[in-house]
Amino acid sequence: MAFWALAGEGCAVAASEDQPVSKIVVLMGAPGAGKGTQAGLLSRRFGWPKISTGDILRELANTDSELGHKVREIQASGQLVSDDVLAEIVRERTSRTDCLNGYILDGYPRTLNQAELMLELAEAQGKEPVVVNLATRPETLRERLSSRLICPRCAEIYNDVTNPPREANRCDRCGAVLQHRSDDDPQAIAKRLEVYRDQTEPLIEFFRKRGLLTEISGEQPLDVTFEQLTRLLGPA
Ligand SMILES: [Zn+2]
């Protein structure tokens, strides 16, 4: 049979013996642990898209699709988007071809129910979930969060202590003047760390019990953490 006959069937690509199973990467860790930065680095290194449910919801709310209407309706009523709707959104987004070789989830799952749904999705997609907890002490988190800088133009994140821009207060990528985030003041930081502990730590236990969790220290310099993540997830 000619190769083009196979290509025309639109069949799912089966993982062969010499081809590694593609991965769903879930980075866990408190605000300030470096999740966003590492997710961005990994996305560039492996070519896996970073899937942010927050970004997708914002995009969807501006579209004319059925799902877009549903999201607008829910948000207008002041309610949170349900786990089922979120799961549907994630399923749809991660079914696109750019996710075939793997993808990185950012800000999802946040609840035990979402975690269950994510594992069902992984099974349906034939992908291997890899959950990494960037374990970081509260003192370190507080120090980092209070020295965090963000680019108002391209959203790149810097840190005066751990990841300073090449030129003081200027974005390396686009040259815009960097800003402190308004939710990085001490009281707001304490609140965010508390919310994180209450909501997300049960998830870490959930994944640990299923043998899916890898702990990597979030205390180390960025490039050391990135090196360890790359070794865990590679080869691309
Ligand atoms: Zn920038």
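**Exercise 1.** Is V25 buried or exposed?

*Solution.* This is a predicted model, in which local features need pLDDT of at least 70, side-chain atom pairs count only at pLDDT 80 or more, and totals for chains, interfaces and linings use all residues. Residues are numbered from 1 along each chain as its sequence is written.

Step 1: take the cut-offs. A residue is buried if 20 or more other C-beta atoms lie within 10 Å of its own, exposed if 12 or fewer, and partly exposed in between, with C-beta atoms placed from the backbone.

Step 2: apply them. V25 has 26 other C-beta atoms within 10 Å, so V25 is buried.

Step 3: V25 belongs to strand β1, residues 23-28. Strands (E, at least two residues) and helices (H or I, at least four) are DSSP runs, numbered from the N terminus.

**Exercise 2.** Find which residues V25 touches, leaving out those up to four places away in sequence.

*Solution.* Step 1: two residues are in contact if their C-beta atoms, placed from the backbone, lie within 7 Å.

Step 1: the residues that V25 touches are L42, G102, I104, L105, V130 and L233.

Step 2: look at I104. V25 and I104 are 79 residues apart in sequence, yet 4.6 Å apart in space, C-alpha to C-alpha.

**Exercise 3.** Describe how α5 packs with α6.

*Solution.* Step 1: axes are lines fitted to C-alpha atoms, for helices over the stretch in contact, and angles run from 0 to 180 degrees between N-to-C directions. Helix α5 (residues 83-94) and α6 pack at an angle of about 30°, with their axes 10 Å apart.

Step 1: angles under 35 degrees count as roughly parallel, over 145 as roughly antiparallel, 65 to 115 as roughly perpendicular and the rest as oblique. α5 and α6 are therefore roughly parallel to each other.

Step 2: list the contact. On α5 it is made by D83, L86, A87, V90, R91 and T94, and on α6 by N113, Q114, L117, L121 and Q125.

Step 3: sort these residues. Ala, Val, Leu, Ile, Met, Phe, Trp, Tyr, Cys and Pro count as nonpolar, Asp, Glu, Lys and Arg as charged, and the others, Gly among them, as polar. The contact of α5 with α6 has five nonpolar, four polar and two charged residues.

**Exercise 4.** Describe how α7 packs with α8.

*Solution.* Step 1: the angle between helix α7 (residues 138-146) and helix α8 (residues 186-209) is about 135°, and their axes are 10 Å apart.

Step 1: α7 and α8 are therefore oblique to each other.

Step 2: P138, L141, R142, L145 and S146 of α7 meet P186, I189 and L193 of α8. The residues of this contact divide into six nonpolar, one polar and one charged.

**Exercise 5.** Examine the backbone at P109, A155 and N169.

*Solution.* Step 1: Y108 and P109 are joined by a cis peptide bond, with omega about -5°. P109 lies in the loop between β3 (102-106) and α6 (112-125).

Step 1: A155, a residue other than glycine, has a positive phi near 70°. A155 is in the loop between β5 (148-150) and β6 (157-159), and with 13 C-beta neighbours inside 10 Å it counts as partly exposed.

Step 2: N169, also a residue other than glycine, has a positive phi near 65°. The loop between β6 and β7 (179-180) holds N169, which is partly exposed, with 13 other C-beta atoms within 10 Å.
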